[in-house]
Amino acid sequence: MTKTIPGTAISYTEQCRNNAFSLVSPVLEATGGITLSQLSKLTALEGSTIQNWIKRGWVASPEGKKYMEKQVVRIILINMLRGVMKLENIARLMVYVNGDVEDTSDDIIDDVTLYNILSRIIFTAQDEGAFEPEMIRALIDKELVEYSSSINSGEDKLRKAMYIMVMAYRSACLKAEMEKVLAEIL
C-alpha cells in the first residue's frame with residue numbers, strides 16, 4: 001500500500017513528515033493560489049465535489065478562480081475524513097473546532113496547524129503499527145503540549161475532535177484496504 005499524505009494524492013516523503021502542508025504551501029505562494037483543476041489533481045476529488053462543498057458552506061469561497069491556503073487545507077481535511085464519516089458530520093466537527101468557515105477569529109487552532117499535527121500523529125501511528133485509543137490520545141497530548149502557544153481556548157474540545165479525526169482517517173484506510181481485497185475475490 002502506497003503511503004500518501006492524508007487527504008491528498010501526493011506520495012509520502014520524509015520531507016513532509018513534520019509539516020505535511022509544506023509541499024503545498026510553496027505552490028500556493030508562488031502562483032497566488034491554485035485552480036479548481038489543480039486542486040482536483042492534488043486531492044483526487046472531482047471539481048463538482050469541491051464546488052458542492054463550497055456551496056454548502058463547508059469551505060470558504062475561492063478568491064476569484066483561485067483556491068488559497070484556507071480553502072485548500074479545509075478541502076484536504078474534509079477529504080481525509082470522508083471515507084467513513086458523513087459529510088454533514090465532518091462539517092459539524094469542523095465547526096466544533098473552528099466555528100464559522102469565513103471567520104478565523106473563532107478558531108481554536110488554524111487549519112494548517114491542525115492538519116500538520118493530525119498528519120504527524122497519523123505518520124507516527126502508522127510507523128509504530130498501532131492505533132490503540134490510548135496511544136492516539138498520548139500522541140495528541142504530546143502534540144498539544146508542543147503547540148500550546150498556537151491553540152486558543154478550547155484545548156479539550158480540540159483534543160476530542162483530533163481523536164475523532166485520527167480514528168476516522170485510520171478507519172477509512174482500513175475500509176479501503178478491505179474493499180480492495182474484497183474486489184479481488186468477488
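The following legends describe close-up views of side-chain arrangements in a predicted model. Residues are numbered from 1 along each chain as its sequence is written, and side-chain values use heavy atoms, with hydrogens and water left out. In this predicted model, local features need pLDDT of at least 70 and side-chain atom pairs count only at pLDDT 80 or more, whereas totals for chains, interfaces and linings use all residues.

**View 1. Aromatic pair of F21 and Y115.** The structure holds 2 aromatic pairs (rings of Phe, Tyr and Trp, the last by its six-membered ring, with centres within 6.5 Å; planes under 30 degrees apart count as stacked, over 60 as edge-to-face and the rest as tilted). The ring centres of F21 and Y115 are 6.3 Å apart and the planes stand at 85°, so this pair is edge-to-face. The pair links distant parts of the chain, 94 residues apart: F21 belongs to the segment before α1 (25–31), and Y115 to helix α6 (residues 111–128). Helices are DSSP runs (H or I, at least four residues) numbered from the N terminus. Both F21 and Y115 are buried (under 20% relative accessible area; exposed is over 50%, and partly exposed lies in between, with a 1.4 Å probe and protein chains only).

**View 2. Surroundings of N116.** N116 also lies in helix α6. Its relative accessibility is 8%, so N116 counts as buried. Apart from neighbours within four places in sequence, N116 is in contact with N18, N19, A20 and F21 (heavy atoms within 4.5 Å).

**View 3. Charged groups over tyrosine rings.** The charged end of R137 sits over the ring of Y163, at 4.1 Å from the ring centre. In a second case, K157 lies over the face of Y96, 4.8 Å from the centre of the ring. The criterion is NZ of Lys or CZ of Arg within 6 Å of the ring centre and within 35 degrees of the ring normal.

**View 4. Salt bridge between E88 and R56.** The whole structure contains 11 salt bridges (a side-chain nitrogen of Lys or Arg within 4 Å of a carboxyl oxygen of Asp or Glu). In one of them, the side chains of E88 and R56 meet at 3.1 Å, N to O. This pair joins distant parts of the chain, 32 residues apart, with E88 in helix α5 (residues 87–98) and R56 in the loop between α3 (47–55) and α4 (69–81). E88 is partly exposed at 38% relative accessible area, and R56 is partly exposed at 44% relative accessibility.

View 5. R159 and D141 form a salt bridge of 2.6 Å, N to O. Their pairing links R159 in helix α8 with D141 in helix α7 (residues 133–146), 18 residues apart. Relative accessibility is 27% for R159, which is partly exposed, and 32% for D141, which is likewise partly exposed. K160 and D156 meet in a salt bridge of 3.5 Å, N to O. Both K160 and D156 lie in helix α8, 4 residues apart, about one turn of the helix. K160 is partly exposed at 46%, as is D156 at 45%.

**View 6. Salt-bridge network.** K3, R17 and D127 are linked in a network of salt bridges.

**View 7. Nonpolar surface patch.** M178, L182, I185 and L186 make a nonpolar surface patch of about 460 Å². Patches consist of residues with over 30% relative accessible area and no salt bridge; like charges are joined within 9 Å and nonpolar side chains (Val, Leu, Ile, Met, Phe, Trp, Tyr) within 5 Å. Accessible areas come from the Shrake-Rupley method with a 1.4 Å probe, and for residues only the protein chains shown count as cover. M178 lies in helix α8 (residues 155–185) and counts as partly exposed at 44% relative accessibility.

Methods
Helix = DSSP H or I, 4+ residues; strand = E, 2+ residues; numbered from the N terminus.
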